[in-house]
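User: I'm new to reading protein models. Could you go through this one with me, a question at a time?

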Amino acid sequence: MSDDDDFMQDSDQEQYDFEYEDDDEQETGDVDVENKYYNAKQIKVDNPEEAITEFLGLPALEQEKGDWGFKGLKQAIKLEFKLGQYDKAVEHYRELLTYVKSAVTRNYSEKSINNMLDFIEKGSDDQRAYKCMEQFYSQTLESFQSTNNERLWLKTNIKLARLWLDRKEYTHLVRKVRELHKACQKDDGTDDPSKGTYSLEVYALEIQMYADTRNNKRLKALYQRALKVRSAVPHPKIMGIIRESGGKMHMSEENWAAAQTDFFESFRNYDEAGSLQRIQVLKYLVLTTMLMGSDINPFDSQETKPYKNDPRISAMTDLVDAYQRNDIHRYESILQNNKDVLEDPFIAENIDEVTRSMRTKAVLKLIAPYTRFTLAFIAKQLKISENEVQDIVGFLIVDKKLRGKIDQSNGSVEIESNPDADRTQAMQEWTSAIRSLWKTVLNEAEGFKADDSSVMLGGTAASGFPASHIDFEGLKQNGGRGPNGWSKSRGGQKRSGGRAQLGSVK
C-alpha cells in the first residue's frame, strides 16, 4: 500500500468519525425535545397549566423552527382555549402560523391548521369563545394571503362560510359568498375554469342558504347555473348537496318527477362519497315515489337495493309497501310506531300529502257499496276524526269523483243514484258513437264512395246499367208487386212473401 493510499484511508476514517459525532449530538438533542413533549402530554389532563408551560418551552430547545416546536404550540393553544385563556391562545396561534411558511411541510401544516380550526369551532359555545374563533380565522386568512397561498386562502374562506351557514348567520354569509365568487372569476367577470371546483363549493353554500330561507326564485337560478359548470371535478359530496337542494326545490313546486331524479342523483353522489346523508336522501326518494303514485319500488334499482333491509330505512320501506298495497291500516300503524320518521322537518311537511291520498282512496273503497252512510262510520273504520272524513268527502264531491250531499245536521252522506239518468246517458254515448262510425264509413271508406261519372245527368245508374234501358215493367211478381215484394192495395201497402225479380234489360 503506498503512502498516498494510507493518507486517503486516514482521511476517510477521520471524515467518518467527524460525521458520526455530529449526528450523535443532533440525535441526543432531538431525544430531549421529544421526551419533554411526551412528558407534557402525560400531565396535560391532571395538570394542564404545567403542561402548557412545558409545551411552550419546546420551541426554545430547537436551534431552528421545526416539528417539535410546532407540535408543542398546537398542544398549548388547545389547552389555553379549553381553559378560557383566549388572549394567550390567539397570541400563540399567531406564532404557530410563522411555522407554516418554512418550518413544516405544506401538507402537514394545512392539515394541522384545519384540525385546529375544527377544534376551535366545536368549543365556541359562548360569546368570548366565538370572538376568539373569529380572530383565529382572521389571522389564518392574513397569513395565507401574505404568502400568496391562494388555494389555502380559498379553502379557509369556504370553511368560514360553511360555519356561518351552520350558525344561520346569513348576513355574514352573503358577504363572504360574494367575496368568494369574485375570487373565482377572471378580470372580465367570467368564471375561472381553473377554480371550477371551488366555485361549485360556493354555489353549494349559497344554494343551501336560499333553501333554508325558502327563496325558491333565487335558488332555482343558482341551481341551474351550478349544473352548467363543466370545468370542475367536484367532490361527490358537493354534488350531493346541490342535487338534494334541487330535489327539495322541485318538491315545493310539486314537480314530483324532477324531484325524484334529483334525489336519486343526490343519493348516488352521497353514497360514492361515503356520506351518512345518503340514508336521509334515500328516505326523501321513497317519499317522492309515493307522492308520484308510482307502482315502481325505489329499491328495485341496483344502487338502492343494498339498503332495502337497512334498519335505518326499514320504516320507509314498509311505508312504500303499504302504500302500493293500499293498506291504510298498516300505513297508519307504521307511522304510529316509528315517530322518528317525522323528526325530519322535510318529511313531516310532505308526508301529510301521502297520508291524505291514502285516506282518500280508502274512503272511496269503503263507501263503494253504500248509497247512504254516516261520517262517524267512516271515521271509526279508518280511525280518524269525523272532521277529516268530512273534508275528504267534500273534496271528492267538489272534484266530481263522488256524487252526493253531506247533511251536516246529522252527520250523514247520501249518494245521488239515478238509474234512469245513467241509462239515458249511456244510450246517448252509444248513439253518439254509432253516428260517428256512420259518418266515418260513408264519408271516408272507399267501398261506399260514388263514382262522379255515374251520377252525371243522362249517365249510367249506380248499378252500372243505363237507366234508360231498364225495364221496370219486369219488376213484377204475383200480380204486380213492386220491388222487394211490396204491392199497393186500397188499404195501404202490403208485403208479400215473394221477392222482386229483375226483368229484362233492353
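**Helices, rings and a pocket**

User: How far apart are the end C-alpha atoms of H14?

Analyst: Helices here are DSSP runs (H or I, at least four residues; strands are E, at least two), numbered from the N terminus. H14 has 16 residues, so at 1.5 Å a residue it should span 22 Å. The computed distance agrees with that: 23 Å.

User: Before we go on, what kind of model is this?

Analyst: Residues are numbered from 1 along each chain as its sequence is written, and side-chain values use heavy atoms, with hydrogens and water left out. Local features need pLDDT of at least 70, side-chain atom pairs count only at pLDDT 80 or more, and totals for chains, interfaces and linings use all residues, since this model is predicted.

User: Back to H14: how many of its residues are buried?

Analyst: We call a residue buried under 20% relative accessible area, exposed over 50%, and partly exposed in between (1.4 Å probe, protein chains only). H14 is mostly covered. Just after this helix, Gly 293 has a positive phi of about 75°. As for the buried residues of H14, the count is 14 of 16.

User: Which residue of H13 makes an aromatic pair with Tyr 284 of H14?

Analyst: Rings of Phe, Tyr and Trp (its six-membered ring) pair if their centres lie within 6.5 Å; planes under 30 degrees apart are stacked, over 60 edge-to-face, and the rest tilted. There are 14 aromatic pairs in the structure. The partner is 21 residues away in sequence, so the pair ties H13 (residues 256-273) to H14, and its name is Phe 263.

User: Is the pair of Tyr 93 and Phe 136 stacked or tilted?

Analyst: Tyr 93 belongs to H5 (residues 86-100) and Phe 136 to H7 (residues 127-146), so the pair links parts 43 residues apart in sequence. Both residues are buried. Their ring centres are 4.3 Å apart and the planes meet at 25°, so the pair is stacked.

User: Which ring does the charged end of Lys 65 sit over?

Analyst: For this, NZ of Lys or CZ of Arg has to be within 6 Å of the ring centre and within 35 degrees of the ring normal. Lys 248 does it too, at 5.5 Å from the ring centre of Phe 346. For Lys 65 the distance is 5.3 Å, and the ring is that of Tyr 99.

User: What is the volume of the largest pocket?

Analyst: A 1 Å grid is laid over the protein atoms alone: where a 1.4 Å probe fits but can't get out, it's a cavity, while a pocket is an open set with protein on both sides within 12 Å along at least five of seven lines. Points join across faces, edges and corners, and the volume is the space filled by probe spheres set on them. For the largest pocket that gives about 1300 Å³.

User: Which helix gives the largest share of its lining?

Analyst: Lining residues have an atom within 4 Å of a point. There are 38 of them here, and those closest to the centre are Leu 165, Gln 208, Ile 241, Ser 245 and Tyr 270. Elements giving two or more residues include H8 (150-166), H10 (196-212) and H17 (345-367). The largest share, nine residues, comes from H12.

User: How many residues of that lining are charged?

Analyst: Ala, Val, Leu, Ile, Met, Phe, Trp, Tyr, Cys and Pro count as nonpolar, Asp, Glu, Lys and Arg as charged, and the others, Gly among them, as polar. The lining has 15 nonpolar and ten polar residues, and the number of charged ones is 13.

User: Is Glu 254 buried or exposed?

Analyst: Glu 254 sits in the loop between H12 and H13. Most residues other than glycine have a negative phi. Glu 254 isn't a glycine, yet its phi is positive, about 60°. Its relative accessibility is 55%, so it counts as exposed.

Key
The expected span of a helix is 1.5 Å times one less than its number of residues.
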